[in-house]
Amino acid sequence: MTFYIFNRKGRCQYYHEWQRLKPVRQGAGSQEEDFKLMFGLCWSMRALATAIDPKSPSMKQMGAPMRIGDGCSFNSIKTSSFKLQFLESPSGLKASWRMPGSGGQPCWGAGCFVLTTDPSVGSMVEQLQYIYASLFVELVVKNPLYTPGEPFLFEPFSAALNKYMRALGLLS
Amino acid sequence: MGKNRECAESCIDYLALALVHHYRTQGQGPSLQAALDAVGERTGRQLAERYARDRPPLLDQLEAVKFVCKEFWGEVFRKAVDNLRTNHRGTFVLRDTQFRWLVRLAQNQMPAQVGQPLPAPLSKADLAADFLVLPCALVRGALAQLGWDVAVTADATSLPQVDFTLVIRQQPQR
Amino acid sequence: MEMINAEIFTLTYGSMVRQLIADHEDVEEVNAQLDKMGFSIGQRLIDEYLAKSKTQRCSDFRETADRIAKVGFKMFLNTTATVANWNAEGTECSLILEDNPLTDFVELPEQLGALKYSNLLCGVIRGALEMVNMDVECAFVRDVLRGDDVYEIRLKLLSSSTEAYPFKDDD
């Protein structure tokens, strides 16, 4: 079971693994590559979902830039061996590469939360929402020593996350 | 006006944080200590004036300190002080075991770059120092409003527990 | 949201503005500093707003302005604003506040006529919207402290960028 928080620029701010049988080195190669692959997967899933969305009135081509508010999201991807649970902050994965003329260094907050679990685990949308609102906001955003958008490792957040996962029965 | 008005608790959290960040990054002008001392003392006076408006003057040391521990702490720091000790010679130690303004303070243990060594752990007292200037000044201001000249220092070695030491320097004029 | 008696916030804010006035000779500089402090607050506050209001994504700028007025102001300051004076393109509007908690207990002396006392709010809005990729201009155009009948914040959308994959393909 692994957990990622990506900022709105696609940078991994927080990563924790409880159980990862195959080491990252044999998977993506490096931790950095693993982050990029995971973010890329989520990004692509969203773009794909938007492209085939039968309810959307706008005709978006796959890969065409999306305006804010466009696009639909997904909650999970289930495979035969694991399930990827996904929560996007409503402001979402607003990568800024093409942002025109904004002066200074922008900072970024949380963009999305990703949790990999056993495929038998049910929907974790509400649980990820709880992690966002009650753990991330309270123990990270309100920590005076947190810089929005930057990677962090705060003991109270990690402890609360572990405790919550245990309470959910996901950790033995 | 304003008596029963409410706002989110986060407002004061964010404001206190912005104040520290602002004065940490100022190249000129007053130091963080001087500026937040002034901001807090002024605010503490105004708050005490409001909270103590309808009560007789607090001419006894212990009464004044108890007012700070209960009413003032309750309104400003959202709980009562857990423990009050005194040497009976004008020094009081107020212990708040869960000091609400700093309860979320924790050091970022993330290395600046992947592969770099972990940052050296800082003492909790060091991490908290800048963030305690405003609370200390609020308390000093409140007591000043009641007529007591008091020096206030804080010890955050066991965060989130904070010990505030009040040393009374001058009695009010009767 | 945990709510508190607003006095502590309002009075600390007032005391802070006084300190900034003492720090800077130029009132315009005070306005700029208030905006800057608000901006950094907005960058944090946006996540609390999004997470706790459980807002769905806003479809356009109109909806965004409406949410700030109805949900944002309510959530943090326990007051609401109305959205008015849209331009034809839907890129500019005003947030009208009849009630502004920041200015309880405040009277401005005449020599501070140029002070935008509540300018922190503009910074907060700018900072929060920047985080969701909306670049806005935000300024007080009417202020009860300066003799107007309401507070009016003019909000102008400069650009709202599109989403793009943040890494180069060959990266």
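Tutor: Let's start with one residue: beyond its neighbours within four places in sequence, A:Ile77 is in contact with A:Met45 and A:Leu84. Two residues are in contact when their C-beta atoms, placed from the backbone, lie within 7 Å. A:Met45 is 32 residues away from A:Ile77 in sequence, yet their C-alpha atoms are 8.9 Å apart in space. A:Ile77 sits in strand β3 of chain A, residues 76-78. Strands (E, at least two residues) and helices (H or I, at least four) are DSSP runs, numbered from the N terminus. A:Ile77 counts as partly exposed because it has 14 C-beta neighbours inside 10 Å. The cut-offs are 20 or more other C-beta atoms within 10 Å for buried, 12 or fewer for exposed, and anything in between for partly exposed, again with C-beta atoms placed from the backbone.

Some ground rules before we move on. This is a predicted model, where local features need pLDDT of at least 70 and side-chain atom pairs count only at pLDDT 80 or more, while totals for chains, interfaces and linings use all residues. Residues are numbered from 1 along each chain as its sequence is written, and chains are lettered from A and ligands numbered from 1 in the order in which they are written.

Now step over to chain B, which touches chain A through 13 of its residues, against 15 residues of chain A. On the chain B side, α1 and α4 each supply at least two residues, and α1(B) gives the most, with three. That side has eight nonpolar, three polar and two charged residues. Here Ala, Val, Leu, Ile, Met, Phe, Trp, Tyr, Cys and Pro count as nonpolar, Asp, Glu, Lys and Arg as charged, and the others, Gly among them, as polar.

What does chain B itself look like? It has four helices and five strands, in the order β-α-α-α-β-β-α-β-β along the sequence. Its C-alpha trace spans about 65 × 40 × 30 Å along the principal axes, and 39% of its 174 residues count as buried.

Four of the strands of chain B make an open antiparallel sheet in the order β2-β3-β5-β4. The edges are β2 (83-86) and β4 (149-155), each pairing on one side only. Two strands pair if DSSP finds at least two bridges between them. β4(B) and β5(B), residues 162-170, have seven bridges in the antiparallel sense, and B:Thr153 stands opposite B:Thr165 in β5(B). Helix α4 (124-145) lies across β4 and β5 of chain B, at about 155° to β4(B). Axes are lines fitted to C-alpha atoms (for helices, over the stretch in contact), and angles run from 0 to 180 degrees between N-to-C directions.

Elsewhere in chain B, α2 and α3 pack at about 115°, with axes 11 Å apart. B:Leu47, B:Ala48 and B:Tyr51 of α2(B) meet B:Glu71, B:Phe72, B:Glu75 and B:Val76 of α3(B). Those residues divide into five nonpolar, no polar and two charged.

Finally, turn to chain C. Its contact with chain B takes 29 residues from chain B and 31 from chain C. α1(B) brings the largest share of the chain B side, 10 residues. β1(B) pairs with strand β1 (residues 3-5) of chain C in the antiparallel sense over three bridges, and one of the bridge partners there is C:Asn5, which goes with B:Glu6.

Helices meet here too: the axes of α2(B) and α1(C), residues 7-23, come within 9 Å and cross at roughly 140°. So α2(B) is oblique to α1(C); under 35 degrees is roughly parallel, over 145 roughly antiparallel, 65 to 115 roughly perpendicular, and the rest oblique.
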